[in-house]
Amino acid sequence: MKSYWFDNTVGDQREDHDSGRSVDPEYLSKLGVLYRHCPSIEAVDSIASERSYKNRDEIIVSLEKMGSAYEDKVKAFFKEHLHEDEEIRYILDGEGFFDVRSIDDEWVRIRLMKGDLIILPAGIYHRFTTDSKNYIKAMRLFKDEPKWTPLNRAPEVDKIRARREYISRA
């Protein structure tokens, strides 16, 4: 995992966009973002047990797997949104980026690679993209049935309970 301030330059979202200013994992923790390196599935199982994650599946985001739908899917994942539940991802192969909003509403870019596990809190605005290799395989974990509805950033979304609770904690 590598985290840094997004450089906000125009260009392909799948490029690094590294400003050269790193972000300490402690700062991510203040945002409610939890990171662990899990070299084995047993480490993931332990975290799943501790946090009561009961279900999981796997997703491959790649041109080869998704075909002509790939570009549209990656663009959709990159729209700023939040979820009403935690978002948990364990990277099985490949690399990608989660961008999360800072306390000051700036983007923090988090590069994830094989063995990285990230937990985004409910209510945090974020977006996702693959890197320039256009391939990532991830395990998605959830407490109950998955709720994949992204709530795109809008004034009315700021009023939902998950967002209000997130703001009060951050």
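Reply: Phenylalanine 97 in S6 faces arginine 111 in S7; strands here are DSSP runs of E with at least two residues, and helices are runs of H or I with at least four, numbered from the N terminus. The model is predicted, so that local features need pLDDT of at least 70 and side-chain atom pairs count only at pLDDT 80 or more, while totals for chains, interfaces and linings use all residues. Residues are numbered from 1 along each chain as its sequence is written, and side-chain values use heavy atoms, with hydrogens and water left out.

S6 and S7 are paired in the antiparallel sense over seven bridges, where pairing requires that DSSP find at least two bridges between two strands. Five residues separate the two strands of this hairpin, and aspartate 105 there adopts a positive phi near 70 degrees.

S6 also pairs with other strands. Its antiparallel pairing with S8 runs over four bridges, and arginine 89 is opposite isoleucine 118 of S8. With S10, the antiparallel pairing has six bridges; arginine 89 stands opposite arginine 140 in that strand. Strand S9 (residues 126–130) pairs with S6 over five bridges, again in the antiparallel sense, and glycine 96 is set opposite threonine 130 of S9.

Threonine 130 counts as buried because its relative accessibility is 0%; buried means under 20% relative accessible area, exposed over 50% and partly exposed in between, with a 1.4 Å probe and protein chains only. Its side chain makes a polar contact of 2.8 Å with that of tyrosine 70. Such a contact is a pair of N or O atoms within 3.5 Å; within protein, one must be able to donate a hydrogen and the other to accept it, and residues adjacent in sequence count only if both atoms are side-chain atoms. Beyond four places in sequence, threonine 130 has contacts (heavy atoms within 4.5 Å) that include Arg14, Val61, Glu95 and Phe97.

Of the 15 residues in S6, 12 are buried. The largest nonpolar core has 21 residues, and Val33, Val100, Val108, Ile110, Ile118, Leu120 and Ile124 touch the most other members; a nonpolar core is a set of buried Ala, Val, Leu, Ile, Met, Phe, Trp, Tyr and Cys residues joined through side-chain atoms within 4.5 Å. Among the elements giving two or more residues to this core are helix H4 (70–77), strand S6 (87–101) and strand S7 (107–113). Apart from this core lies another, of 11 residues, including Val44 and Tyr90.
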